[in-house]
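Please open the structure in a viewer and keep the selection panel at hand.

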Amino acid sequence: MSIEIRNIAKRFGNFTALDHINLEVKTGELLALLGPSGCGKTTLLRIIAGLEAPDDGQILFHGEDTTEKHVRERNVGFVFQHYALFRHMTVFENVAFGLRVRPKETRPSDAEIKRKVHELLNLVQLDWLADRYPAQLSGGQRQRIALARALAVEPKVLLLDEPFGALDTKVRKELRRWLRRLHDEMHITSVFVTHDQEEALEVADRVVVMNKGKIEQLGSPSDVYDKPATPFVYQFLGDVNLFQSRVHEGWAHVGDARFAAPQGQTDQAVVYVRPHEIDVSREGGAGALSGVISHVRLLGATVRLEVDVAGQDAVEVELTRERYLQGDWKVAETVYLLPREARVYVPSAAEW
Ligand code: ATP
């Protein structure tokens, strides 16, 4: 089931939550809506679901205009961040619920419900918890049961709103891998809301980066990470150092370093460099920026050096642990920084 989002707009009072969004979710893909809090992700998901009506635009399911259809007619399954499983029902009964409340004509027999629920519990690898109550489950188990419950009615579309948002980092990471494997088996067209860029990059086939009710970029995870279309995407998808630069004869100059500037621009530009795209050395050389180490932070597999460079904000440099140990870098040392990759943007007047 493909989903076409055509020119969707939504206002709350005079606040524009969605500003004419156009987007197609392809059949069987897992699409992530990624963006900061308040950018409109949940509103868009609720409009796809039919829980919220748009002020303008249409939603088409498999080419058919569904904008006016009730949520129950859309055949969607949901999983939310705080999915309230029915507390007084066992895991088995929670998963069976959607089948039991069907009209008599389409309701499966008890034996069929039993078979189906156990099949789903096996799919989410929790069949052994069938007789437990929600209060006796961990947060991660509850979300897997919530997913089994959403899948019970065989939805054509699965909508997930920060489904792992309330869980700790380790469980989150396990569950997103698990969700990806499950999606590879089932191929249900799915839209997944998250504000966590790692989660979007790891789980999704394609990522929509949203900001202030608009789409900044739509692309594969490597597109949005390696070829960010806008400064916003660059900054949202990972840490980045911003260097103020002067443009002269086609080059953006930062101290002794220079970077090719976009053509026909004014005299100022901002150079973006990710912390892991900077080499550090004790010897200067052409194009190196000198600075003084002000902090060393051990993060586990990587180490961050904070380096003060004249005329710039503190520069973050990320080294592998091995590289850090080889170099034996110390606070107050003078070092030279050599960016390997950089991107030069000329901000609009409003962004200065
Ligand atoms: P979060 O990650 O924090 O959930 P989000 O990107 O999902 O953010 P939305 O929940 O879609 O954002 O909200 C978008 C904007 O619309 C927010 O500024 C929010 O305050 C506003 N908004 C959402 N629902 C309503 C409502 N019912 N009434 C008024 N304003 C609303």
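The model is a predicted one.

**Stop 1: the ligand and its shell**

Select the ligand, then display the residues around it: Phe 12, Ala 17, Gly 35, Ser 37, Gly 38, Cys 39, Gly 40, Lys 41, Thr 42, Thr 43 and His 195. By class, this shell has three nonpolar, seven polar and one charged residues. Which helix gives the most to the shell? Helix α1, residues 41–49, does so, with three residues.

**Stop 2**

**Stop 2: helix α2 against α4**

Move to helix α2 (residues 91–100) and helix α4 (residues 139–151), whose axes come within 7 Å and cross at roughly 30°. Because of that angle, α2 is roughly parallel to α4. The crossing of the two helices is right-handed. On the α2 side, display Val 91, Asn 94, Val 95, Phe 97 and Gly 98; on the α4 side, Ile 145, Ala 148 and Arg 149 make the contact. The classes represented in this contact of α2 with α4 are five nonpolar, two polar and one charged residues.

**Stop 3: helix α2 against α3**

The axes of α2 and α3 come within 10 Å, crossing at roughly 125°. The angle therefore makes α2 oblique to α3. Here, too, a right-handed crossing is found, as α2 passes α3. Select Phe 92, Val 95, Ala 96, Leu 99 and Arg 100 in α2 together with Ile 113, Lys 116, Val 117, Leu 120 and Leu 121 in α3, where the two helices meet. This contact has eight nonpolar, no polar and two charged residues. Val 95 is listed in the contact with α4 and also in the contact with α3.

**Stop 4: the five-stranded sheet**

Finally, display the open sheet ordered β15-β19-β16-β17-β18, in which the pairing is antiparallel. Its edges are β15 (278–281) and β18 (315–320); each has a single partner strand, so one side of each is left without a neighbour in the sheet. Direction ignored, neighbouring strands are turned by 45° against each other on average.

- β16 (residues 289–298) with β19 (residues 334–339): an antiparallel pair with four bridges, in which Ser 290 stands opposite Tyr 336.
- β16 with β17: an antiparallel pair joined by six bridges, in which Val 292 has Asp 308 as its bridge partner.
- β17 (residues 302–308) with β18: an antiparallel pair over six bridges, in which Val 303 stands opposite Leu 319.

Terms used:
Residues are numbered from 1 along each chain as its sequence is written. This is a predicted model: local features need pLDDT of at least 70, side-chain atom pairs count only at pLDDT 80 or more; totals for chains, interfaces and linings use all residues. Axes are lines fitted to C-alpha atoms, for helices over the stretch in contact, and angles run from 0 to 180 degrees between N-to-C directions. Angles under 35 degrees count as roughly parallel, over 145 as roughly antiparallel, 65 to 115 as roughly perpendicular and the rest as oblique. A crossing is left-handed if the near helix is turned anticlockwise from the far one by less than a right angle, and right-handed if clockwise. Two residues are in contact if their C-beta atoms, placed from the backbone, lie within 7 Å. Ala, Val, Leu, Ile, Met, Phe, Trp, Tyr, Cys and Pro count as nonpolar, Asp, Glu, Lys and Arg as charged, and the others, Gly among them, as polar. A residue is near a molecule or strand if its C-beta atom, placed from the backbone, lies within 6 Å of it. Two strands pair if DSSP finds at least two bridges between them.
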